[in-house]
Amino acid sequence: LFKRKEAKSMERTITVKGIGKVSACSDYVILKMRLEAKDKQYDKVMDTATKQLAELKQSLLSIGFEKNAVKTTNFKVYTDYDSYKDEHDHYQRVFTGFVCCHQLKLAFDFDLKRLSQVLVTIASCPTHLELDIVFTVKNPTEINDALLREAAINAKKKAELLCEASGVKLGQLLIIDYNWDELNVYSDTKYKFDERSFRELSAIPSMDIEPDNIDVQDTATFVWEIV
């Protein structure tokens, strides 16, 4: 009898998913850059990669960035091969060289004139690189905190409304279930140049852009007892 009552009591709960939504303006820029060097001799590849990085850092030093402003996000050296069919129609691989791939990032407060200055400087740098620009926020923790508060408020409001409509009262909070996945706190705005147009940059562009707001959503599940 005791176990039956305990089971019945445990069943008197309400489970609600709270949804938090936050919209924020971009205040931070991240330039993702990729340098690549290739040569059949390993020493030459590494020398070229070192020179590329030095040229990039020097160009950024000239406009006021610190020496350690450019951060490495990925670095790898691998061997590259081409495939071909021989006279017996069998595929063969031929070594074409060593490849050094260096992925970097440069982050700074969003300012359109500063961004344009950086782009012009990088474009005039002898080193060839691939570039991607994203807009984000400097302190994503603030957005995450706001999302959690909104989710909790949203869940409790739903639970209270459901209990009121059902003629019961909301009791003690029993469980909070939250998935701590990293949030994608980036604007959807794309800011790109193709290789030729990027190389043609010789002055600060006058285009005035405003990155789209960063819209983020997150959820958490709450379980209350029903009194």
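This is a predicted model: local features need pLDDT of at least 70, side-chain atom pairs count only at pLDDT 80 or more; totals for chains, interfaces and linings use all residues.
**A sheet and its helices**

Trainee: Which residues of α2 are buried, and how wide an arc do they cover?
Mentor: V45, A49, Q52, L53, L56, S59 and L60 make up the buried set of α2. They are on the same side of α2 because the arc they cover around the axis is only 130°.

Trainee: Which exposed residues are carried on the face of α2 turned away from its buried side?
Mentor: An α-helix has 3.6 residues a turn, so residues three or four places apart point the same way. On α2, the face turned away from the buried side carries exposed residues. They are D43, D47, T50 and K51.

Trainee: What is the expected reach of α2 from its first C-alpha to its last?
Mentor: Helix α2 has 20 residues, and the expectation is based on 1.5 Å a residue. In the model α2 reaches 29 Å, close to the expected 28 Å.

Trainee: In what order do the four strands stand, and what is their average twist?
Mentor: The four strands form an open sheet with antiparallel pairing, in the order β3-β4-β2-β5. At the edges are β3 (71-85) and β5 (130-136), each of which pairs on one side only. From one strand to the next, the twist averages 20°.

Trainee: What angle does each of the helices α2 and α3 make with β2?
Mentor: Helix α2 (residues 42-61) lies across β2, β3 and β4 (91-109), and runs at about 150° to β2. Helix α3 (residues 112-124) packs on the sheet and touches β2, β4 and β5. The direction of α3 makes an angle with that of β2 of about 10°.

Trainee: Is L31 buried or exposed?
Mentor: L31 is found in strand β2 (residues 28-39). Its relative accessibility is 0%, so L31 counts as buried.

Trainee: How many Å apart in space are L31 and L119, C-alpha to C-alpha?
Mentor: Leaving aside neighbours within four places in sequence, the contacts of L31 include L104, F108, L115, V118, L119 and I133. L31 and L119 are 88 residues apart in sequence. In space, their C-alpha to C-alpha distance is 9.5 Å.

Conventions
Residues are numbered from 1 along each chain as its sequence is written. Side-chain values use heavy atoms; hydrogens and water are left out. Helices (H or I, at least four residues) and strands (E, at least two) are DSSP runs, numbered from the N terminus. Buried means under 20% relative accessible area, exposed over 50%, partly exposed in between (1.4 Å probe, protein chains only). Contact means heavy atoms within 4.5 Å. Two strands pair if DSSP finds at least two bridges between them. Axes are lines fitted to C-alpha atoms, for helices over the stretch in contact, and angles run from 0 to 180 degrees between N-to-C directions. The expected span of a helix is 1.5 Å times one less than its number of residues. The arc is that of the directions from the helix axis to the C-beta atoms.
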